Amino acid sequence: MFTRRCLLLAPLALAFAVGTMVRSAAQTYPNHPIKMIVPYPAGGPIDTMARLLGQQLSLRFAQQVVIDNHPGAGSMLGTKAAAGAEPDGYTLLFGSSTSLAIAPALSPNAGYDPVKSFTPVAGISSSPMHLAVGPSVPAKTVAELLAYARANPGKLNFAAPTGGPPHLAGEIFKRATNIDITPIHYRSMNQAIIDVLAGQMDIVFDSPAPLASLLRDGKLRALVSLGSKRMPELADVPTMAESGLPDLRVVTWNGLVAPAGTPDAIVARLNAAINDALKSPDIRASLSKFGSEPLGGTPQEFAGFVASESKKWSEIIRLSGVKVD
């Protein structure tokens, strides 16, 4: 009888011991440096935003946040590495709309599931896509652009790397406005923008940061924002809602996630630190320079957002027939 009772109580004792260890780890978290994987090369806008966040978290935790750039396969290599890390809060992923929504929809064999493989921590920032035209396009407003495109079906094109947010934004715009414009595929957005500036290409879709100086100098003309409101840095650019298409909205975003199974208490500590950091005037000013605005919110809100975005981008990719070799 005694042996049987011990066998029955053993799982309960083990569960209690594990629970105590998890609580203890959460209470002392973090007690050594945190690694934040960025699945992009160093120096780009996403890497810069990740480093800004890392600095803010380092200040709040009194522990170093080490940025680990892990680019490759359109952000999938670093994202897969983060998904397979120990779920202890010491390996995090600075994810994006590409790595957590678009890439796995384009590549079913990505090696991770954007919803099942991660524990969402918090949204960081979002940035609306903008439609800009080069000197070869006579339109000064989006209404004029649509009229020109309908009068000249197939004549206009837009330049973008295959499968990225600028390409998919163009596909969404085509379907929503029922116009015939042709995607021209590039290896990089830099070269795409150069060719639009040269008048070799007509239209480009991108977030405000790469376009802002070109728009200020009059080298490109922004006709419309695909966000829900005007950006302060581009206050003269109307939204699609103001232009008669309230349901057309395309934003890129960033957020922090941890490997699935990361303890709730650790996620809560990270979430609180991020929300506090996003109130900082320094980080808000830095995000503004990128044409981005802070997100924040609870882990549950970010989980719902990621699930919704994954579904949305998957449907866009299915309808447009976009494929990546």
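Where is the place of alanine 73? Keep that in mind while we go through some notes.

1. First, some ground rules. This is a predicted model, in which local features need pLDDT of at least 70 and side-chain atom pairs count only at pLDDT 80 or more, while totals for chains, interfaces and linings use all residues. Residues are numbered from 1 along each chain as its sequence is written, and side-chain values use heavy atoms, with hydrogens and water left out.

2. Back to the opening question: alanine 73 sits in the loop between β2 (65-69) and α3 (76-83). Helices (H or I, at least four residues) and strands (E, at least two) are DSSP runs, numbered from the N terminus. The phi of alanine 73 is near 55 degrees, a positive value in a residue other than glycine. That's worth a look, because most residues other than glycine have a negative phi. Alanine 73 is partly exposed, at 45% relative accessibility; here buried means under 20% relative accessible area, exposed over 50%, and partly exposed in between (1.4 Å probe, protein chains only).

3. Asparagine 178 has a phi near 55 degrees too, again positive in a residue other than glycine. You'll find asparagine 178 in the loop between α6 and β7 (182-186). With a relative accessibility of 68%, asparagine 178 counts as exposed.

4. Now check the peptide bond between tyrosine 29 and proline 30: it is cis, with omega about -10 degrees. Most peptide bonds are trans. Proline 30 belongs to the loop between α1 (2-28) and β1 (34-38).

5. Is phenylalanine 173 buried or exposed? Phenylalanine 173 is buried, at a relative accessible area of 0%, and lies in helix α6 (residues 165-177). Leaving out residues up to four places away in sequence, phenylalanine 173 touches Leu131, Val142, Leu145, Leu146, Ile179, Ile181, Phe205, Met240 and Leu248. Contact here means heavy atoms within 4.5 Å.

6. Stay in α6 for threonine 177. Threonine 177 is buried, at 3% relative accessibility. A polar atom of its side chain lies 2.6 Å from the backbone oxygen of phenylalanine 173. Not counting residues up to four places away in sequence, threonine 177 also touches Leu146, Arg150 and Leu245.

7. Next, the nonpolar cores, meaning sets of buried Ala, Val, Leu, Ile, Met, Phe, Trp, Tyr and Cys residues joined through side-chain atoms within 4.5 Å. The largest has 45 residues, and those with the most contacts inside it are Leu131, Leu145, Phe173, Ile203, Phe205, Val250 and Trp313. Apart from it lies another core, of 31 residues, including Val38, Tyr40, Ala122 and Leu270. In soluble globular proteins, nonpolar side chains tend to be buried together.

8. Finally, the sheet. Six strands form an open sheet in the order β2-β1-β3-β10-β4-β11, with mixed pairing. Its edge strands are β2 and β11 (293-296), and each pairs on one side only. Two strands pair if DSSP finds at least two bridges between them. β1 and β3 (residues 91-96) run parallel and are joined by three bridges. In that stretch, methionine 36 stands opposite leucine 92 in β3.

Technical notes:
A polar contact is a pair of N or O atoms within 3.5 Å; within protein, one must be able to donate a hydrogen and the other to accept it, and residues adjacent in sequence count only if both atoms are side-chain atoms.
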